[in-house]
Every structure is written in structure tokens, then in C-alpha cells.
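Let's take a walk through this model together.

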Amino acid sequence: MNFDTAIVHLASWLGNVMMPTLAGLFFSVAVYRYSKSAPFEHMLYSGFGSLMVSGMLRALEGFVQNAGPTSADAYWTAVMSLVNWTANVILPVFALTQLAAMVLSMGGVLSEIYPGSTWIRKFIAAMGALMISGIVRFAEAMVTQAHGI
């Protein structure tokens with residue numbers, strides 16, 4: 001093994017193994033701190049940052065392996081896919097959330113429920129903890145059933 005291959009393997013291990021694992025830890029700490037009414041935003045941002053590092057590395061690996069680093073069509077296809085996904089998935093879901101908020105606001109429900117109330121904070125913390133636990137269990141199952149291991 002030469003030095004270049006070792007650096008590539010180290011970057012792949014850091015970006016594809018360690019950063020998603022650390023993201024799970026950051027999200028878990030963020031949920032715990034949120035349940036205690038402590039500042040949690042830095043842990044939440046750290047978790048998303050860890051996932052972004054992993055995602056950017058995977059995107060770069062995909063560009064290099066599929067079309068080479070100088071292919072303009074690969075970048076255009078990736079940007080077009082991002083625009084399609086944003087316009088066809090994110091915006092309709094955002095529209096539904098806005099319509100639901102409008103209906104709840106018209107009914108006066110939102111004036112009685114606010115995110116700072118204790119029971120909502122506990123409910124959100126419980127749902128966040130269960131969601132992170134499920135995602136981590138799913139990731140563990142995906143890793144253990146991978147063909148490369």
C-alpha cells in the first residue's frame with residue numbers, strides 16, 4: 001500500500017464511518033439537552049455538520065468514480081437532480097405543513113400550544129429520542145448486512 005492509497009482510505013473511513021457515527025452522538029446529546037431545557041443548538045448543528053461532511057465526501061466519490069473530476073455533465077446532472085428533488089419533494093411537503101398551520105391557526109389551536117410549554121418540550125424530546133434510536137438501529141442493521149463487511 002502506498003501513501004496515496006492510505007490517505008484515500010483514511011479520508012473514506014473518517015468521512016463514511018466516523019462522521020455519521022459522531023452525528024448520532026451529537027443528535028442524542030442534543031435531544032437530552034433539549035429535554036433538560038438546556039441550550040442544544042450547537043449539538044444539533046454539529047450533528048448536521050457531521051452528516052454534511054459525510055454527504056459531501058460521498059458526492060465527491062460519486063463524481064470521481066462515475067464520470068471523472070472534469071466532467072461537466074456529472075455536475076449538471078447532480079444539480080438538476082437536486083433542483084428536481086427540492087421542487088418535487090421539499091416544496092410540496094412544505095406546502096402541506098403551511099396548510100396545516102393555517103388550519104390550526106384558524107381554529108385557534110396554535111394560540112394555546114407553543115413550543116416553550118413543558119408538556120410539548122417533553123413530548124418533542126421523547127419523539128426525538130425514539131426517532132434517533134430508530135435511525136441508529138436502522139444504520140446498524142444496514143452496516144452489519146453490508147456485502148463489503
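A charge is said to sit over a ring if NZ of Lys or CZ of Arg is within 6 Å of the ring centre and within 35 degrees of the ring normal. Keep that in mind for a spot we will reach further on. One more thing before we start: what you are looking at is a predicted model.

Begin with the overall picture. The protein chain has five helices and zero strands, and from the N terminus on its elements run α-α-α-α-α. Of its 149 residues, 16% count as buried.

Now find helix α1, which covers residues 3–35, and helix α2, which covers residues 41–66. The two pack with their axes 7 Å apart, at an angle of about 160°. Angles over 145 degrees count as roughly antiparallel, so α1 is roughly antiparallel to α2. The crossing in which α1 passes α2 is left-handed. Sorted by class, the contact of α1 with α2 has 15 nonpolar residues, along with seven polar and three charged ones.

Between α1 and α2 there is a loop, and Ser-37 is found in it. The phi angle of Ser-37 is near 60°, a positive value in a residue other than glycine. Is Ser-37 buried or exposed? With a relative accessibility of 54%, Ser-37 counts as exposed, because the cut-off for exposed is over 50%.

Next, look at the aromatic rings. A pair of aromatic rings is described by the distance of the centres and the angle of the planes. How many aromatic pairs does a search of the whole structure find? The search finds two.

One of these pairs is formed by Phe-27 and Phe-48, whose ring centres are 5.0 Å apart, with 70° between the planes. Planes over 60 degrees apart count as edge-to-face, and that is the class of the Phe-27 and Phe-48 pair. Phe-27 lies in helix α1 and Phe-48 in helix α2, so the pair ties together parts that are 21 residues apart in sequence. Phe-27 counts as buried, at 15% relative accessibility, whereas Phe-48 is partly exposed, with a relative accessible area of 45%.

Tyr-34 has a relative accessibility of 13%, and since buried means under 20%, Tyr-34 counts as buried.

Here the opening definition comes into use. Which charged end sits over the ring of Tyr-34? It is that of Arg-121, 4.4 Å from the ring centre.

To finish, turn to helix α5, which spans residues 118–144. The axes of α1 and α5 come within 9 Å and cross at roughly 165°. α1 and α5 are therefore roughly antiparallel to each other, and their crossing is left-handed. Looking back, α1 is roughly antiparallel to α2 and also to α5.

Key
Residues are numbered from 1 along each chain as its sequence is written. This is a predicted model: local features need pLDDT of at least 70, side-chain atom pairs count only at pLDDT 80 or more; totals for chains, interfaces and linings use all residues. Side-chain values use heavy atoms; hydrogens and water are left out. Axes are lines fitted to C-alpha atoms, for helices over the stretch in contact, and angles run from 0 to 180 degrees between N-to-C directions. Helices (H or I, at least four residues) and strands (E, at least two) are DSSP runs, numbered from the N terminus. Angles under 35 degrees count as roughly parallel, over 145 as roughly antiparallel, 65 to 115 as roughly perpendicular and the rest as oblique. A crossing is left-handed if the near helix is turned anticlockwise from the far one by less than a right angle, and right-handed if clockwise. Ala, Val, Leu, Ile, Met, Phe, Trp, Tyr, Cys and Pro count as nonpolar, Asp, Glu, Lys and Arg as charged, and the others, Gly among them, as polar. Rings of Phe, Tyr and Trp (its six-membered ring) pair if their centres lie within 6.5 Å; planes under 30 degrees apart count as stacked, over 60 as edge-to-face and the rest as tilted. Buried means under 20% relative accessible area, exposed over 50%, partly exposed in between (1.4 Å probe, protein chains only).
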